Amino acid sequence: MPEKISYYAMLLGDRTRENPSGLARRRLFDGGGVRDEALGRDFTWVHNPGLAGWERGDLTTIYVEVSADEAERIIERFRAKWGAEG
């Protein structure tokens, strides 16, 4: 089990925290393990190295930390948006 989970709104182009292009999370495990993931359109979390790249200076996508509650609201907006698309 992860010791701590942090969530990040992914901002690409002119996207905002209220209208992000994606959602990422970082899972920190007991013993020092780290796993960065992004939410897919099938609502599963998949490995994604973007957050680590951003920390190293790749500024293509900006990552803004959000609370777990805000992450849940983002997921619900994606559910409404992506459900309407398909």
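Predicted model: local features only at pLDDT ≥ 70, side-chain atom pairs only at ≥ 80, totals over all residues.
Reader: Where do Phe43 and Trp82 sit in the chain?
Author: Phe43 is in the loop between E3 and strand E4 (45–47), while Trp82 is in helix H2, so that the pair links distant parts of the chain, 39 residues apart.

Reader: And are those two buried or exposed, or something in between?
Author: Phe43 has a relative accessible area of 25% and is therefore partly exposed, whereas Trp82, at 13% relative accessibility, counts as buried.

Reader: Which other ring does Trp82 pair with in a stacked way?
Author: That is Phe78, and this stacked pair has 4.5 Å between the ring centres and 10 degrees between the planes. Because Phe78 and Trp82 are 4 residues apart in helix H2, about one helical turn separates them. Phe78 is buried, with a relative accessible area of 6%, and together Phe43, Phe78 and Trp82 make one aromatic cluster.

Reader: What lies over the face of Phe43?
Author: Arg79 does, at 4.4 Å from the centre of the Phe43 ring.

Reader: Changing topic, which residues make up the largest nonpolar core?
Author: There are 11 residues in that core, among them Tyr7, Leu11, Leu23, Leu39, Val66, Ile74, Phe78 and Trp82. Strand E1 (2–12) and helix H2 (68–85) are the elements that give two or more residues to this core, and H2 gives the most, with 5 residues.

Reader: Why would such residues gather like that?
Author: As a general matter, nonpolar side chains tend to be buried together in soluble globular proteins.

Reader: What does Leu23 touch, leaving aside residues up to four places away in sequence?
Author: With those set aside, the contacts of Leu23 include Ala9, Leu39, Val66, Ala71, Ile74, Ile75 and Phe78, as well as Glu37 and Trp45. There is also a second, separate core of 6 residues, which includes Tyr8, Met10, Ala24 and Leu51.

Reader: How about charges, how many salt bridges does a search of the whole structure find?
Author: It finds 7 salt bridges. In one of these, the side chains of Arg17 and Glu70 meet at 2.9 Å, N to O. This pair links distant parts of the chain, since Arg17 is in the loop between E1 and strand E2 (22–29) and Glu70 is in helix H2, 53 residues apart. Arg17 is partly exposed, with a relative accessible area of 31%, but Glu70 counts as buried at 15% relative accessibility.

Reader: What does Arg25 form a salt bridge with?
Author: Its partner is Glu37, and the closest N and O atoms are 2.5 Å apart.

Reader: Which residues do salt bridges that share partners join into one network?
Author: That network consists of Arg25, Arg27, Arg35 and Glu37.

Key
Residues numbered from 1 in each chain as written. Heavy atoms only, no water. Core = buried A, V, L, I, M, F, W, Y, C linked by side-chain atoms within 4.5 Å. Buried < 20%, exposed > 50% of the residue type's maximum accessible area, 1.4 Å probe, protein only. Contact = heavy atoms within 4.5 Å. Salt bridge = Lys/Arg side-chain N within 4 Å of Asp/Glu carboxyl O. Phe/Tyr/Trp six-rings, centres within 6.5 Å; stacked < 30°, edge-to-face > 60°. Lys NZ or Arg CZ within 6 Å of the ring centre and 35° of its normal.
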